[in-house]
Amino acid sequence: MAPNTPLLRLTAIAVSALALSLPATADSLPAVLGRMDQAGPAFRGITAQFDRVIHTAIIDDSSTDGGAIRMQRKGKDLRVLLQFTKPEPRSIAFDNKSAQVYNPKINTVQIFDLGKQKSLVEQFLLLGFGASGKDLAKAYNIKYLGEENVGKTKAARLELIPKSDKVREHYTRIELWIADGGYPIQQKLYEPSGNYMRMTYSGIKLNPPLETAQLSIDLPADVKREYPQR
């Protein structure tokens, strides 16, 4: 696994991050991508609840956590805040330059410089969030896998194979479940090892008004700062 995988896993939450959905009636791939082309330009952000499953293939074991996500995009400015509430509270924030991971239990924040990974991180953060069908097709070989229900919501299931060797170092395959409204309600990202992460979203609100403070971690004055990349 590449050395920056922990950082990319954080982003993929997000992934994740993270994915916004589209109308999913009896569909074809061109129809789904066409709706993404229509919905993408209007995307400015979301708030939602999420549940995440991380599966470790070698021991065939899964762990779960969850919380809330806020995301805002203004032009090239992208900000994301993930606030985990289970099993223990912690927060992850992304801006254009860095990622912060705050653990209140030990009052410590780890700070990562995105650096040359910025474009790759943003690709995962925006996966399905406001992405046009054309942009998705440029970066991935896409297959339409039919319709499935995620909870009570019908969705169009897509399989994405990255065209970039660099992306495939981290994720060999990605699945999106695209539902009504122009955003995926579920994502599943597969690593070369066979591990995967599945994100499921609920209570999605599109383009809510968000202030900068609502997209940042409220760190205490005495927080301990760590820089793992140094």
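The structure holds 13 salt bridges, a salt bridge being a side-chain nitrogen of Lys or Arg within 4 Å of a carboxyl oxygen of Asp or Glu. The model is predicted: local features need pLDDT of at least 70, side-chain atom pairs count only at pLDDT 80 or more, and totals for chains, interfaces and linings use all residues. Residues are numbered from 1 along each chain as its sequence is written, and side-chain values use heavy atoms, with hydrogens and water left out.

**Exercise 1.** Determine which parts of the chain are tied together by the salt bridge between Asp51 and Lys86.

*Solution.* Step one is the distance: the closest N and O atoms of Asp51 and Lys86 are 2.7 Å apart. Step two is the location: Asp51 belongs to strand β2 (residues 45-56) and Lys86 to strand β4 (residues 77-86), so the pair ties together parts that are 35 residues apart in sequence. Strands (E, at least two residues) are DSSP runs, numbered from the N terminus. Step three is accessibility: Asp51, at 38% relative accessibility, counts as partly exposed, and so does Lys86 at 42%. Here buried means under 20% relative accessible area, exposed over 50%, and partly exposed in between (1.4 Å probe, protein chains only).

**Exercise 2.** Describe the salt bridge of Arg157 with Glu175 and state whether Glu175 is buried or exposed.

*Solution.* The side chains of Arg157 and Glu175 meet at 2.7 Å, N to O. Arg157 lies in strand β9 (residues 153-162) and Glu175 in strand β10 (residues 173-179), so this pair ties together parts 18 residues apart in sequence. Glu175 counts as buried, with 1% relative accessibility. Through shared partners, salt bridges join Glu148, Arg157, Glu159, Arg173 and Glu175 into one network.

A further salt bridge links Lys154 and Glu147 at 3.9 Å, N to O. Lys154 is partly exposed at 45% relative accessibility, as is Glu147 at 33%.

**Exercise 3.** Identify where confidence in the chain is lowest and where it is highest.

*Solution.* Confidence is expressed as pLDDT, the predictor's confidence in each residue, from 0 to 100. The chain has a mean pLDDT of 85, and 87% of its residues reach 70 or more. Strand β1 (residues 14-18) has the lowest confidence, at a mean of 42, and strand β13 (residues 224-226) the highest, at 97. Over residues 14-25, pLDDT stays under 50, and the model has 87 contacts beyond four places in sequence for them; contact means heavy atoms within 4.5 Å. Where pLDDT is low, the predicted coordinates should not be read in detail.

Key. Helices (H or I, at least four residues) and strands (E, at least two) are DSSP runs, numbered from the N terminus.
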